[in-house]
Amino acid sequence: MAEITYREALNQALAEEMERDDQIFLMGEEVGQYHGAYKVSQGLLDRFGDLRVVDAPITEAGFVGLGIGAAHVGMRPVIEVMTFNFAILALDQIINNLAKLRYMSGGQFTVPMTLRGPGGAGGALASQHSQSLEQQYVHIPGIKVVMPGTPRDAKGLLKSAIRDNDPVIFIEAEKLYNFRGEVPEEPEFLIPLGKADVKREGDDVTIITWSRMLTAAVLPAVEELTAKGIDCEVIDLMTLSPLDWDTVLASVKKTNRVVVVEEGWPKASVGAWVAGEVASRAFDYLDAPIERLAAKDVPMPYAYNLEELALPIPADVVAAVEKVCYVD
């Protein structure tokens with residue numbers, strides 16, 4: 001199995017799917033001549049031509065709307081936003097058209113469109129370019145929300161998103177593009193949407209996370225906790241909507257302790273929703289209050305050192321796990 005970067009895994013997924021189905025096209029700012037702002041579309045213009053790899057002007061509402069229209073007439077667009085911070089400009093199209101048209105048409109229209117691009121902290125890109133905004137999409141019925149945390153998951157989930165007959169919001173962690181991992185090369189390698197993955201089995205505590213926090217905060221902390229004799233189970237949600245409650249609740253009923261780790265802000269967040277649902281559905285199984293770790297409730301600082309201080313780090317995870325395990 002080849003070891004490649006998160007960026008290369010996404011590129012493979014796009015190329016394989018465009019090779020398989022000529023109704024798939026990629027459109028967005030700089031996806032063609034520049035090969036993508038983060039080089040995810042490297043080589044795709046040369047391979048598939050400018051009718052299927054389309055450079056768009058800086059008009060997010062326009063090209064997201066064009067993608068929705070194309071999906072209505074049988075195409076399967078993949079729309080790249082330079083960053084999900086800029087997708088805010090297309091929220092009217094996303095909320096009122098992308099998410100709703102199947103329902104408002106009584107099922108006469110489907111919108112098989114994937115809206116993808118980077119999100120989260122970007123390495124000193126400052127507050128307007130470093131936001132984790134997944135909670136606003138999870139809030140909207142009618143769209144699926146996917147956030148892979150490894151190269152393998154990025155490839156398998158993107159291929160499934162492109163094949164899905166409903167709209168999918170696919171958020172790639174900006175700081176993971178150079179992260180390397182083993183990725184299957186089979187063209188039919190798919191990971192189903194709506195399923196969480198137990199990245200590590202354990203008996204003492206369940207750590208629930210997704211996207212970059214998996215490798216940036218949780219797994220390094222688990223190494224330290226294992227050395228201290230605490231056996232952690234790690235669940236990577238991967239798809240935030242629909243969320244795989246069966247896997248989450250089965251783990252909680254086994255370990256009886258929960259820590260939720262996210263990169264987004266703490267108020268009205270995905271982590272708050274997960275903690276609330278776990279408390280409601282599995283209260284009798286909990287031996288300690290649920291601990292939540294999130295970004296500090298401030299705009300993301302510009303300076304590298306302050307950006308790191310604004311986000312959960314492995315030491316925070318260690319402290320949270322020890323708290324729910326009542327370790328002095």
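This briefing describes the overall fold of the chain and then helix α10. The model is predicted: local features require pLDDT of at least 70 and side-chain atom pairs count only at pLDDT 80 or more, while totals for chains, interfaces and linings use all residues. Residues are numbered from 1 along each chain as its sequence is written, and side-chain values use heavy atoms, without hydrogens and water.

**Overall fold**
- The chain contains 12 helices and 14 strands, taken as DSSP runs (helices H or I, at least four residues; strands E, at least two) numbered from the N terminus.
- Its radius of gyration is 20 Å, close to the 20 Å given by the globule rule for 328 residues, so the chain is as compact as a globular protein of that length; the radius is taken over C-alpha atoms, and the rule is 2.2 Å times the number of residues to the power 0.38.
- Of the 328 residues, 57% are buried (under 20% relative accessible area, 1.4 Å probe, protein chains only).
- Among contacts (heavy atoms within 4.5 Å) between residues at least 6 apart in sequence, 83% join residues at least 24 apart.

**Helix α10**
- Helix α10 spans residues 270-281 and reaches 16 Å from its first C-alpha to its last, close to the expected 16 Å (1.5 Å times one less than its number of residues).
- Buried residues of α10 are V270, G271, V274, A275 and V278.
- Viewed down the axis of α10, these buried residues fall within an arc of 135 degrees, so they line one face of the helix; the arc is that of the directions from the helix axis to the C-beta atoms.
- Elements covering the buried residues of α10 include α6 (134-138), α9 (245-255) and β13 (258-261).
- At the N-terminal end, S269 caps α10, with a side-chain oxygen 3.3 Å from the backbone nitrogen of G271.

Key
Buried < 20%, exposed > 50% of the residue type's maximum accessible area, 1.4 Å probe, protein only. Polar contact = N/O pair within 3.5 Å; in protein donor to acceptor, adjacent residues only side chain to side chain.
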